[in-house]
Amino acid sequence: MIDFLRPEAILANLKAASKKQALQELARRAAELTGQHERFIFDVLLERERLGSTGVGRGIAIPHGKLPHLQGVFGAFARLERPIDFDAVDEQPVDLVFLLLAPEGAGADHLKALARISRMLRDESLCEKLRGCQTADAIFALLSQSESVNAA
């Protein structure tokens, strides 16, 4: 079970016309659920994207960043209604986005969480199932089930 992902942090059919808009929507949801300021989250994500795209290939992006007053590692997941250009390493459009936020001092926890997400999303059959999910509950169940299988 991914302990840093909650059902209310899943966006099943996110409408976004651009990378910036997708990050804004994810920052908005993260702000609602963490109590952090939406603009600050968005700025942290944009700053990370300037270092290099978090579009890792095969339609997947894992935007991430660290926030000074966050209480713990936080994840949010979005399945985009339509794939968008994310400047991904393979130049393919992105439709699955897993946002990860961590407290500023959470070095190893942040890296472990990124590794778990990356490992999980390397499973092509899981990604195809995620693309077919229509509801947040179905996506959450699939991600939870996958994590417990991968952890075994």
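In soluble globular proteins, nonpolar side chains tend to be buried together.

This is a predicted model, in which local features need pLDDT of at least 70 and side-chain atom pairs count only at pLDDT 80 or more, while totals for chains, interfaces and linings use all residues. Residues are numbered from 1 along each chain as its sequence is written, and side-chain values use heavy atoms, with hydrogens and water left out.

Leaving aside neighbours within four places in sequence, Leu101 is in contact (heavy atoms within 4.5 Å) with Ala30, Ile41, Leu45, Gly65, Leu67, Leu70, Gly72, Val73 and Phe74.

Helix H1 (residues 19-34) and helix H2 (residues 38-51) pack at an angle of about 135°, with their axes 8 Å apart; the axes are lines fitted to C-alpha atoms, for helices over the stretch in contact, and angles run from 0 to 180 degrees between N-to-C directions. That makes H1 oblique to H2, since angles under 35 degrees count as roughly parallel, over 145 as roughly antiparallel, 65 to 115 as roughly perpendicular and the rest as oblique. The contact is made by Lys19, Lys20, Leu23, Gln24, Ala27, Arg28, Ala30, Ala31 and Thr34 of H1, and by Glu38, Ile41, Phe42, Leu45, Leu46 and Glu49 of H2. By class, the contact of H1 with H2 has eight nonpolar, two polar and five charged residues, with Ala, Val, Leu, Ile, Met, Phe, Trp, Tyr, Cys and Pro counted as nonpolar, Asp, Glu, Lys and Arg as charged, and the others, Gly among them, as polar.

The loop between strand E5 (74-84) and E6 holds Asp87, and Glu91 has its place in the loop between E5 and E6 as well. Although it is not a glycine, Asp87 has a positive phi of about 55°; Glu91, also not a glycine, has a positive phi of about 60°, and Glu91 is exposed, with a relative accessible area of 71%.

Helix H3 spans residues 107-121 and includes Arg119, which is partly exposed at a relative accessible area of 44%. Ile117 also has its place in helix H3, but counts as buried at 1% relative accessibility. Not counting residues up to four places away in sequence, Ile117 touches Phe4, Ile62, Phe98 and Leu100. Leu121, likewise in helix H3, counts as buried at 2% relative accessibility, and, with the same exclusion, touches Arg58, Ile60, Phe98, Cys127 and Leu130. Leu121 and Leu96 are 25 residues apart in sequence and 9.2 Å apart in space, C-alpha to C-alpha.

Key:
Helices (H or I, at least four residues) and strands (E, at least two) are DSSP runs, numbered from the N terminus. Buried means under 20% relative accessible area, exposed over 50%, partly exposed in between (1.4 Å probe, protein chains only).
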